[in-house]
Amino acid sequence: MIIETPGGSAEVRMVAARPHAHSSVVLAPVEQAWAALPGVYEGLGLSGAGIVDPGQRRFGMGPATMPRRVNGERLARFLDCGHTVSLPNADAYAVTLTMTTQLNAEAPAATRVQTVLEATARPRDTAGNDVTCTSTGHLERLIASRLQPAPR
């Protein structure tokens, strides 16, 4: 985009943020974690158009319109979509989310969990453009923690 200014013109490049993969390791064999992953999503109330790739051990959802709460917590706990005067946009706007989790064997009894989340938000009751949301990392950590087997 070119912006004309009194001193001439300047080119402004707008770069969309690329989603960041949140990565952690759980102490569970990859097959055990893979078997548990759909239940983890379901237990959090995350559903929608299913993404299932057993060969890559990739599971996810999206794009799906999110409810106002996930796991009993407001969406702003999981997403930063900017703010209005009174509320975070994640809590006031309609949020559309796409999320995938990929599992890779790290060791015989350890699995790397990589979750990528992409979201946009749009005003619910007025005209407006989509805003890009970024993850707080909380939802990705919650998924990994639920894949971690309980201590014996």
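Which residues is Met99 in contact with, leaving aside its neighbours within four places in sequence? Contact here means heavy atoms within 4.5 Å. The residues are Tyr41, Leu46, Ile51, Phe59, Gly60, Met61, Thr115, Val116, Leu117, Leu139 and Ile143.

## Basis of the model

This is a predicted model, in which local features need pLDDT of at least 70 and side-chain atom pairs count only at pLDDT 80 or more, while totals for chains, interfaces and linings use all residues. Residues are numbered from 1 along each chain as its sequence is written, and side-chain values use heavy atoms, with hydrogens and water left out.

## Overall layout

The protein has three helices and 11 strands. Helices (H or I, at least four residues) and strands (E, at least two) are DSSP runs, numbered from the N terminus. In that direction the elements follow the order β-β-β-α-β-β-β-β-β-α-β-β-β-α.

Of the 152 residues, 34% count as buried; buried means under 20% relative accessible area, exposed over 50%, and partly exposed in between, with a 1.4 Å probe and protein chains only. The protein exposes about 9000 Å², and carbon and sulfur atoms supply 52% of this area. Accessible areas come from the Shrake-Rupley method with a 1.4 Å probe; for residues, only the protein chains shown count as cover. Among contacts between residues at least 6 apart in sequence, 61% join residues at least 24 apart.

## The aromatic pair

The structure holds one aromatic pair. The rings of Tyr41 and Phe59 have centres 5.0 Å apart and planes at 80°, so the pair is edge-to-face. Rings of Phe, Tyr and Trp (its six-membered ring) pair if their centres lie within 6.5 Å; planes under 30 degrees apart count as stacked, over 60 as edge-to-face and the rest as tilted.

Tyr41 belongs to helix α1 (residues 30-43) and Phe59 to strand β5 (residues 58-65), so the pair ties together parts that are 18 residues apart in sequence. Tyr41 is buried at a relative accessible area of 1%, and Phe59 is buried at 14%.

Met99 lies in strand β9 (residues 94-107) and is buried, with a relative accessible area of 0%. Its contacts include both Tyr41 and Phe59. The C-alpha atoms of Met99 and Pro63 are 8.0 Å apart in space, although 36 residues separate the two in sequence.

Thr100 is also found in strand β9, and its relative accessible area of 15% makes it buried. Not counting residues up to four places away in sequence, Thr100 touches Tyr41, Ile51, Arg58, Phe59, Gly60, Gln114, Thr115 and Val116.
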